[in-house]
Amino acid sequence: MGNVASYEKKIAEKTGDYTGKITENERKMVMRLRNVKGAREALEENSYVIEAPEACRGKWREVFGNENPLYIEIGMGKGQFLLELAKRHPQINYIGIEMYASVLVRAVQKAEGADPGEGVRAIVPSEHKNRQELLFPNVRFLNMQAEYLENAFQPGEVDRIYLNFSDPWPKARHWKRRLTSTVFLGRYEKILKEGGILEFKTDNRDLFEFSLDSVKEAGWKLAASTFDLHHDPALCEGNVMTEYEQKFSSRGQAICKLVAQNSRAC
Ligand SMILES: C[S@@+](CC[C@H](N)C(=O)[O-])C[C@H]1O[C@@H](n2cnc3c(N)ncnc32)[C@H](O)[C@@H]1O
């Protein structure tokens, strides 16, 4: 489940030497395997992708050209969730953050209305360079790790953060890497506005229980939670499915969701 398992599978396929453990070198190797040819170049030329997010810190409203609220998704993957939200809520600005160029490029292609599907590997450089009118004017993407959020957003600049099906990092010693650890909640608190919201969905019950504990330990207010989102009429209202959510729920797995409000509101 999640990326750790897929790293392991890819390493097993590549080396035929599956150990069940992922070292830093193995992880880097998989990152190289995941590098879709031309992905970085395609991102560099694309109007949706902000190359130097630190230059936009504190100026995101200028980038979008309006005063609308700013919602971000961390670990966006291929962008299905973010783009559907952006379509439904043109009065909200959305930034999708994804650490892998080879994954982010799929979201860019979707935003350009050219979803190539899983099988297509070639990257066509953007036709939208310098284009004034984007299909999704309320969307931008950052090719960045969540660890560096504070370089991209100034305190209080973000209204809402979405985390969907974040990597579980199942080993106890890796708890700080989980995007719902108290370490990350501390980072989110620095960029969220007073009373800002964090929404988190996962199929992984262990990660979810860990996240509920983190929220409590960090002093955030738990506004809502469920261990079975799709059978919770109140929380499921207006739910937008992510790629992973579709995959897991089609296998009959329950989806957990929590909504937390950052402690400065309490
Ligand atoms: C399991 S996938 C889920 C994708 C999508 N959110 C969904 O629900 O379909 C997790 C994604 O988060 C990205 N990711 C993991 N850790 C990250 C980090 N620290 N910063 C940015 N992206 C990260 C991974 O590259 C991957 O694309």
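**View 1. Contacts across the whole chain.** Of the contacts in the protein chain with a separation of 6 or more, 76% are between residues 24 or more positions apart. Do keep in mind that this is a predicted model. Its secondary structure comes to 11 helices and 7 strands. Of the 266 residues in the chain, 37% are buried.

**View 2. The largest nonpolar core.** Here we look at a core of 50 residues. Leu43, Ile72, Val108 and Ile161 have the most contacts inside this core. Helix H6, spanning residues 101–111, gives the core its largest share, with 6 residues.

**View 3. Helix H6 and its surroundings.** This helix is largely enclosed by the rest of the structure, because 9 of its 11 residues are buried. Among the buried residues of H6 are Leu104, Val105, Val108 and Ala111, and the list also includes Ser102, Arg106 and Gln109. Following H6 comes Gly113, with a positive phi near 75°.

View 4. Zooming in on Ile72, we find contacts with Ile95, Ile97, Val158 and Ile161, once neighbours within four places in sequence are left aside. Ile72 and Ile161 are both named among the residues with the most contacts inside the largest core.

Note on methods:
Residues numbered from 1 in each chain as written. Predicted model: local features only at pLDDT ≥ 70, side-chain atom pairs only at ≥ 80, totals over all residues. Core = buried A, V, L, I, M, F, W, Y, C linked by C-beta atoms within 7 Å. Buried ≥ 20, exposed ≤ 12 C-beta atoms within 10 Å, placed from the backbone. Helix = DSSP H or I, 4+ residues; strand = E, 2+ residues; numbered from the N terminus. Contact = placed C-beta atoms within 7 Å.
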